[in-house]
Structure formats: C-alpha cells, structure tokens
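I opened this notebook to record what I looked up in the structure, entry by entry. The sequence and the structure come first, and my entries follow.

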Amino acid sequence: MANNNIITEGDRSPRIILHEPTGSTVEVLLYGAQVISWKNQRREEILFMSNKAVWKPPQPVRGGIPICFPQFANFGTLEQHGFARNRLWTLDEDPSPLPAVNSQSNADLLLKSTEDDLKTWPFSRFELRIRITVSAGKLTLIPRVRNVDNKAFTFTLALRNYFSVSDVSEVRVEGLETLDYLDNMLKRERYTEQADAITFDGEIDRVYLSTPTKIAIIDHERKRTIVLRKEGMVDAVLWNPWDKKAKAIPDLGDEDYNTMLCLDAAAVENPINIKPCEEWRGRQELSIVSSSYFSGQLDPHKVINGLR
C-alpha cells in the first residue's frame, strides 16, 4: 500500500507521512529522503531529533535517519557524509517490484545524479533509490544503487540511525563483542572490542567491521530493546559525541547527547563496486521488542540469537 500524500508547510521541506493499521507512523522528508520520525502504536517516538535541529535546507536535519552516500563520514574527498542527504529527492513513480506485505505502508524515493554531482564526484552516473516501509513494530529501509554509466564505480554508504534512549550511560549494545573496529577518535587505528557488552561513559566514534546481521540496543529503563537487522552493509558505526563535543555542534542541544545513540548500518571498510547496468541492494530492518525483567537483566543471547 503506497502512501504518497506530500505535505508542505511553510519553508520546511515537503514530507510524506506513512500510517499502518495498528497505529504506528513514519515521517519522511523529500529533502535527503530522511526519516525524521517513527512512532510506535503507543505514539512513542523511537528516533532521536535534536532540539536545535535546523529544518530549512540546505542544512541536513540533525536526527532521524540521514542517508550517507556516496561517502560515509570523511572516508574520501567529498563533503562529510556525501551529498545524498543534501539533495531534494523525488517520488519514484516506477519502482521495480519488491515483495509486498499486507498491513504495511511504504514510500519509494529516487535521487538521480546531476551534472553538478559529476563535478564533485566524477566517477559515474547513478540512480539511488530507497523504499521506506512501516509495518506493526517495524521500520524497513531498502537502499538501491544502480550504475547507469559506462564504467564501474565504488561508493561507501551508511544509514545513520539516531535512536532515542532513556539515558545513554544506562543502555548497552549487544552483538559487537570480540569484533575489530576502527577508532575514528584515534586516527582510525584498528582495535579489537574486549567488552562483553558495549556501554557508554564518554565520547565514542567507531566503525565495527564484519558485523553480524543482528545488533541490539538494550534500554532497561524503557523496558524495550531496539533490534537492527541488516543485509548488504557489513559494518556498523557507533557514535555519541558526549558533553564537550555536543556543546561544539551548533545544531545539537548541550544535553542532547544524554538521550541519543547512533547505531548505523554501513559499508565503509570495503567500498562497494558496481559495474555498468548493475544494481546493489541493501536492507535495514528496525524492530522494537518490549522487555519485561525478572532480575533486572535481559538475556542478551535471547535478543541476538532467539528473536526471529
């Protein structure tokens, strides 16, 4: 069920609101094809949005799910996180078929390369599509990159998920134990994660490598677990600026770091190569699992291994 009602308000970017029958909603800006809100059936917001977010293009909105393409962070010569998040996308009027599911609502958005893009990124002409689907308890994003040029090109990509958490110092992340990561705070030196579960007591900016398809953020206070499932994006990024860095970011509130955590599905270490006429497809599925506690602890193995 497609929902293509475009809402325009003042000088804000036009947006699409998706509804599904159990009551959850998703809002998507045409600018950047950025999800800015995902509320569950109880109208609880799952995504973080800065209280200093700038809502007028050309500045990206701080929060939600920005799309980083064709470059993640400064892993390359382009502007930070590439240019896809700073472009006005269009509705994809002819999306290629993807499996339909009952009781869901979706939007298909399209970004095509322009002559200006070829000046800054002279590698190829591309079409970047994303399908955004909301169903009961789930938000699914399917990015697709098609090479419409006559030569191959490579890119890196990330879906930067800003999650709303009760208190970042009280949550933990399961699924990245024992993995290698690049520490962006230490000149991308490579380390191995030693912790049984990742908790937070200061700034973190890491690219975890060759990660599992399922990673979980366990939030005891809200009695819920956010589960990230991903395909085609083998890396995962964890980011929180903490107090000093938060004060230095103009569009982030000084205390916002307390209630946010970025966990991104990404392809960073090994850029994706696609040949002429080929298409790459990724997939990210976010779901919310309500957790009730007997001992105050949630068995992480049930979260990572037992949830289907």
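I began with the largest cavity, and I found it lined by Ser13, Leu29, Tyr31, Trp55, Lys56, Pro57, Gln59 and Val61. On a 1 Å grid over the protein atoms alone, a cavity is a set of points where a 1.4 Å probe fits but cannot get out, and a lining residue has an atom within 4 Å of a point. By class, I noted five nonpolar, two polar and one charged residues in this lining, where Ala, Val, Leu, Ile, Met, Phe, Trp, Tyr, Cys and Pro count as nonpolar, Asp, Glu, Lys and Arg as charged, and the others, Gly among them, as polar. The volume of this cavity is about 30 Å³, taken as the space filled by probe spheres set on the grid points, which are joined across faces, edges and corners.

Before going on, I wrote down that the model is predicted, that local features need pLDDT of at least 70 and side-chain atom pairs count only at pLDDT 80 or more, while totals for chains, interfaces and linings use all residues. Residues are numbered from 1 along each chain as its sequence is written, and side-chain values use heavy atoms, with hydrogens and water left out.

I then turned to the largest pocket, a pocket being an open set of grid points with protein on both sides within 12 Å along at least five of seven lines. The largest pocket holds about 560 Å³ of space, and of its 24 lining residues, Arg62, Gln80, His81, Arg160 and Trp239 lie nearest its centre. I divided this lining into 10 nonpolar, six polar and eight charged residues.

For the overall layout, I counted three helices and 21 strands, which are DSSP runs numbered from the N terminus (helices H or I, at least four residues; strands E, at least two). Of the 308 residues, 56% count as buried, meaning under 20% relative accessible area with a 1.4 Å probe and protein chains only.

Alanine 236 sits in strand β18, residues 235-240, and counts as buried because its relative accessibility is 0%. From alanine 236 to valine 207 the C-alpha distance is 5.8 Å, although 29 residues separate them in sequence.

I also checked threonine 25, which lies in strand β3, residues 25-29, and is buried at 8% relative accessibility. Its side chain makes a polar contact of 3.1 Å with that of arginine 43; such a contact is a pair of N or O atoms within 3.5 Å, where, within protein, one must be able to donate a hydrogen and the other to accept it, and residues adjacent in sequence count only if both atoms are side-chain atoms.

Technical notes:
Buried < 20%, exposed > 50% of the residue type's maximum accessible area, 1.4 Å probe, protein only.
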